[in-house]
Structures are given as C-alpha cells and as structure tokens.
Amino acid sequence: MDKFADMTMFASIVKNQGLAAAGRELGLSPATVTARLQALEERYGVKLLNRSTRHLSLTDSGATYYQACLEILEAVKATEDLLQTGSKEVRGTLKVAAPKDIGKQYIYPILSAFCQRYPQVVPYLYLNDNLVNIAESGIDVVVRYGSLADSNLISRRLAASQRVLCASPEYLAKKGTPKTPHDLAHHDCLAMLRSNEELKTWHFQASEQRDAITIVPKRFSDDGEVIRLWALDGAGIALKSILDVQEDIQQKRLVTVLDGYMKNFNTSAASLNADLNVIYMSRQYQPKRIRLFLDFLFEHFAQQIPPNPE
C-alpha cells in the first residue's frame with residue numbers, strides 16, 4: 001500500500017478533472033486508476049469524489065484529502081530540491097488566476113517581474129472573468145473582486161476599489177447623461193456574462209435608498225476587457241471596477257456618471273464592496289514561491305495603486 005502514490009494519483013485526478021486523463025499523465029490504465037480510487041475510498045470509508053459521465057467534483061472529505069495531498073506532495077518536492085541543490089532554491093509552478101482586465105493591466109507585468117527575479121519558477125496565468133474554484137482547479141492564487149463566502153480560504157485585500165458607471169464623452173454627447181438609475185432604461189448599456197448568466201440587473205444605493213434596475217443591454221460579453229473597449233468606442237455605458245478604467249478616466253477617454261451611488265451586480269449591502277482581493281488556500285506548509293509571490297504582489301500594488309481610488 002503506497003500512500004504517497006495514491007496521493008499523487010488523487011491530485012492528478014482532480015487537476016486533470018478525470019480518471020482517464022490522470023492515467024495518461026501517470027502512465028496508468030483507466031481501469032487501474034478506477035480500481036485504486038475505489039480502494040482508496042474503501043480504505044478510509046468515505047466518498048472522495050462525485051463522478052458522472054461529464055463531471056467530477058470533490059466531496060467535503062475529498063476536498064480535505066486533496067488539500068492534504070497538495071501539502072504533503074509539495075513538502076516532499078521541497079525536500080528533494082533541498083537535498084539535490086543544497087539550498088532552498090525558489091522553483092516550481094505558480095498558477096495565478098485573475099479577471100482579464102486587471103490581469104492584463106496589473107497581474108501580467110507583476111508576474112513577469114517576479115519570474116525574472118526567480119527564473120526557476122514556471123508561471124501559469126489564467127485570465128477569466130468567471131469565478132474560480134480553487135480547491136478543484138489547482139490554482140495557487142486567485143485575484144478577484146468582491147467579498148468571499150468560503151471560510152476555508154484566506155482572503156486579503158489587495159487594493160481598495162468600487163464599481164463605477166462610465167461611458168465615452170462622445171457617447172454622452174450623443175445620448176445625454178443619466179441623472180438617476182432609472183434613466184438607464186433610455187441608454188445603451190454594456191453587460192457582462194458570468195458562467196452564462198446575463199448580469200443585467202444593476203444595484204444602486206444612495207444613503208438608505210436602494211434600487212435594482214433591470215437594463216436592456218445592447219451588447220454582452222464574458223470578457224471585461226471587451227466591455228471596456230466597447231465603452232471606449234462609444235458603444236454605451238459600462239459598469240466597471242475603478243481599477244480597470246482609472247487610467248481611461250484620468251486621460252478623459254471615459255467619464256463616470258451617477259457618481260452619488262454605490263453600484264454593483266449583487267444585492268446585499270456587503271456585496272456592494274468591490275475591493276480587489278487575493279485568495280489562496282490555507283496551507284500550513286505553503287510553498288516558498290507562493291509566499292514570496294504574495295509578498296511581491298502586495299509590494300507592487302502598494303506602489304501602483306493609490307490607497308483610495310477616486
């Protein structure tokens with residue numbers, strides 16, 4: 001009974017989202033992977049994975065076991081590196097996920113600078129505006145806007161932010177400037193898609209008054225950068241993070257409207273918070289490269305982002 005080999009196999013199954021794919025990575029037949037997974041579940045008397053013909057997901061026990069597998073495999077790899085090199089060289093993969101706009105404008109150059117300092121680190125940068133499940137994806141660090149519901153993860157504020165409505169001066173000159181949220185019914189709005197959901201109900205708060213406005217979008221995209229580019233082209237009004245568009249606003253390529261309201265895609269008062277957060281797994285033995293990258297990330301954001309963006 002090789003527990004280390006079972007941990008390697010289980011981590012590969014989750015990373016590749018399939019038993020056959022894990023088998024190809026490890027040089028095992030699908031039947032062998034299936035049999036070993038069943039034996040693993042029987043050994044501990046728990047179900048580790050929910051499996052169907054098209055989808056695989058971790059059970060609660062599986063998530064606990066998967067996190068432990070990652071910690072132990074990482075510790076073994078660090079020990080091997082220490083024995084082989086005689087020093088704790090910073091090396092290995094670093095998987096980072098971020099929204100496309102913030103990812104291209106900020107995370108990409110920071111990650112590139114980090115890898116220039118530590119050339120043995122191999123970066124993976126995933127740019128996606130949909131929410132990422134860290135436990136199932138194998139991502140090390142996720143950068144995202146808004147509050148966090150999963151208490152099993154660590155969330156730290158990377159930069160203060162807020163949502164703004166913005167449009168090009170040319171669009172506002174042609175269509176006029178909305179004075180209240182209800183005026184958006186007469187404007188061309190640019191809406192995000194998130195996991196195939198149309199985010200066309202925008203929420204506003206001013207003092208104690210709250211409004212939920214259902215817009216009729218003229219254009220949709222699942223890419224936040226495309227929404228910004230459409231706004232720059234004069235196609236309509238966009239609901240964006242201030243961090244994504246602050247340079248456009250400073251250069252007067254975009255103008256904010258309805259500034260007296262807090263705005264977001266969600267309903268609760270807490271969810272009106274749109275700060276930029278960095279999220280990662282709570283690991284007792286976190287790899288050195290991840291600790292160093294987080295420090296590097298916070299240092300560079302402190303230099304680039306004003307503490308209270310206007």
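Predicted model: local features only at pLDDT ≥ 70, side-chain atom pairs only at ≥ 80, totals over all residues.
Local features are reported at pLDDT of at least 70 and side-chain atom pairs only at pLDDT 80 or more, while totals for chains, interfaces and linings use all residues. Numbering starts from 1 along each chain as its sequence is written, and side-chain values rest on heavy atoms, with hydrogens and water left out.

Helices (H or I, at least four residues) and strands (E, at least two) are DSSP runs, numbered from the N terminus. Helix H1 covers residues 3-16. Its 14 residues reach 20 Å from first C-alpha to last, close to the 20 Å expected at 1.5 Å a residue; the expected span is 1.5 Å times one less than the number of residues. The N-terminal end of H1 is capped by Asp2, with a side-chain oxygen 3.2 Å from the backbone nitrogen of Phe4. Just past H1, Gln17 has a positive phi of about 55 degrees. Buried residues in H1 include Phe10, Ile13 and Val14, where buried means under 20% relative accessible area, exposed over 50% and partly exposed in between (1.4 Å probe, protein chains only).

Next comes an open sheet of five strands, ordered E4-E3-E5-E16-E6, with mixed pairing. Its edges are E4 (121-127) and E6 (153-159), each pairing on one side only. On average, neighbouring strands here are turned by 20 degrees against each other, direction ignored. Such angles run from 0 to 180 degrees between N-to-C directions, and axes are lines fitted to C-alpha atoms, for helices over the stretch in contact. Inside the sheet, E3 (residues 92-98) and E5 (residues 141-145) pair in the parallel sense over two bridges; two strands count as paired if DSSP finds at least two bridges between them. Val96 has Val141 of E5 as its bridge partner.

Helix H5 (residues 100-117) packs on this sheet and touches E3, E4, E5 and E16 (276-281), its direction making about 180 degrees with that of E4. Contact here means heavy atoms within 4.5 Å. H5 also meets helix H9 (residues 242-250): their axes come within 9 Å and cross at roughly 65 degrees. On the H5 side sit Asp101, Ile102, Gln105 and Tyr106, facing Leu243, Asp244 and Gln246 of H9. By class, that makes three nonpolar, two polar and two charged residues.

Strand E7 (residues 163-167) is mostly covered, with five of its five residues buried. Side chains in a regular strand alternate between the two faces of the sheet. In E7, Arg163, Leu165 and Ala167 lie on one side and Val164 and Cys166 on the other, all of them buried. Cys166 takes part in both pairings, with Ala238 as its bridge partner in E13 and Thr256 opposite in E14.

Pro169 belongs to helix H7 (residues 169-175) and counts as partly exposed because its relative accessibility is 31%. Pro169 and Val255 lie 86 residues apart in sequence but 6.3 Å apart in space, C-alpha to C-alpha. Leaving aside residues up to four places away in sequence, Pro169 touches Lys252, Arg253, Leu254 and Val255.

Finally, three strands make an open antiparallel sheet in the order E11-E10-E15, with E11 (209-214) and E15 (262-264) at the edges. Three bridges join E10 (residues 201-206) to E15, and Phe204 has Lys263 of E15 as its bridge partner.

How values were computed
Nonpolar A, V, L, I, M, F, W, Y, C, P; charged D, E, K, R; others polar. Polar contact = N/O pair within 3.5 Å; in protein donor to acceptor, adjacent residues only side chain to side chain.
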